[in-house]
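Please have the sequence and the model open as you read.

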Amino acid sequence: MSESDEAKVYTDRSEITDEQSEYIVGASDKMKRVLHLAEKIAPTETTVLITGESGTGKEKIARFIHLNSARAGRPFVTVNAGAIPETLIESELFGHVRGAFTDARDRKRGLFELADGGTLFLDEIAETSPGVQIRLLRALQEREIRPVGGDTNLKVDVRIVAATNKDLREAMADGTFREDLFYRLNVFRIQLPPLRERREDIPFLAEYFLRLYCEKNRKKLEGFTDRALALLLNYAFPGNVRELENAVERSATLAEGTHVRPLDLPPEIAEGGLPMLTEGKVETFPDDLTLEELERRYIQRVLDRKSGNMTHAAKSLGISRSTLWRKVSKYGLRVD
Ligand SMILES: Nc1ncnc2c1ncn2[C@@H]1O[C@H](COP(=O)(O)OP(=O)(O)OP(=O)(O)O)[C@@H](O)[C@H]1O
Ligand SMILES: [Mg+2]
């Protein structure tokens, strides 16, 4: 097994389950579609390219595909080829024979060999250097590798799943990503939507992470207060699921009593949903607004988002319906 930090090697199902729960939240239609695609493609041998912003769950889906394939009993090997120094890349990926270079005292198996029979997850594929790209391309084309210093090729049987948060077509246009490698990898594409485009998942993910971290830290929390949940729902999550997970972990640590309160949330979330979300876009208010004007605009936006449902809007704002009615007439807001 490789000692490098860039490579995480999981040898079997039980090891993975110990390290990280395999439960995947998919409440929104968009995530249901992703999981449906992943389920369909998993049992095949097809190469998969997973794209999506940072923190959207690309590695989670890669592991899901592995676990739902016939290769599940074999290794799942993650390699962040962009993080391995150019000088080590060849021996990391393909291994080396004894005596291949001065300090090669033993034969070393590369990541392709370690993944034999299983799945090789090529993470951050857009970050790879031209030298790495050509070597990967050859290995994928030939399904053979040659350890550094060796004189024979080894057949390897690996299923490739690659991931990137970059636009590979743009990278090809810029000349930083090889077209031939792109077409090798882009056989079946799974695109993970950012969390702000599937806000229905937020409460489920939040509850799931809360349970996870309560178990880990032996805490007993029952959930979130309505206001805390409303704040989570209003936040844009530029760091996607990972940011939500970190926010919940922090909150679970700070919370006292039975529920996570707004003051347990990270400041950027607790500070009232700014930046806030409208139709999936991140929007900020100009910062020279008076407090009254800010309140007027904010309440209007919540009303619009809740399609004029006063009960839902009041709940999201953390105020009573009668208070909301008062503000609606004070500011002359639209309720439709
Ligand atoms: N749908 C989901 N259900 C449950 N947990 C999820 C889900 N999506 C992501 N996670 C969790 O969120 C965290 C981030 O996910 P992951 O590492 O897979 O994202 P990524 O897209 O690979 O991110 P990066 O681009 O930063 O590497 C992980 O702890 C993962 O377990
Ligand atoms: Mg990742």
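**From a buried strand to the ligand**

Strand E2 is covered on both faces: Val48, Ile50 and Gly52 are buried on one side, and Leu49 and Thr51 are buried on the other. Helices (H or I, at least four residues) and strands (E, at least two) are DSSP runs, numbered from the N terminus. In a regular strand the side chains alternate between the two faces of the sheet. Five of the five residues of E2 (residues 48-52) are buried, so this strand is largely enclosed by the rest of the structure.

A word on the source: this is a predicted model, in which local features need pLDDT of at least 70 and side-chain atom pairs count only at pLDDT 80 or more, while totals for chains, interfaces and linings use all residues. Residues are numbered from 1 along each chain as its sequence is written, and chains are lettered from A and ligands numbered from 1 in the order in which they are written.

Which strands pair with E2? Strand E9 (residues 159-164) runs parallel to E2 and is joined to it by four bridges, and strand E10 (residues 188-192) pairs with E2 in the parallel sense over five bridges. Pairing requires that DSSP finds at least two bridges between the strands. Follow Ile50 here: its bridge partner is Ala163 in E9 and Ile190 in E10.

Ile50 also has contacts (C-beta atoms, placed from the backbone, within 7 Å) with Lys58, Ile61, Ala62, Val161, Ala163, Ile190 and Leu192, leaving aside residues up to four places away in sequence. A second, separate core of 24 residues includes Ala206, Phe224, Phe237 and Ile269; a nonpolar core is a set of buried Ala, Val, Leu, Ile, Met, Phe, Trp, Tyr and Cys residues joined through C-beta atoms within 7 Å.

Now turn to ligand 1. Of the 18 residues around it, Val25, Gly57, Lys58, Glu59 and Lys60 come nearest, where a residue counts as near if its C-beta atom, placed from the backbone, lies within 6 Å. Helices H3 (58-67), H9 (201-216) and H11 (240-254) each give two or more residues to this shell. Domain 1 (7-193) and domain 2 (195-276), with bounds from an automatic or database domain assignment, both contribute to the shell, so ligand 1 lies between them.

Notes. A residue is buried if 20 or more other C-beta atoms lie within 10 Å of its own, exposed if 12 or fewer, and partly exposed in between; C-beta atoms are placed from the backbone. Two residues are in contact if their C-beta atoms, placed from the backbone, lie within 7 Å.
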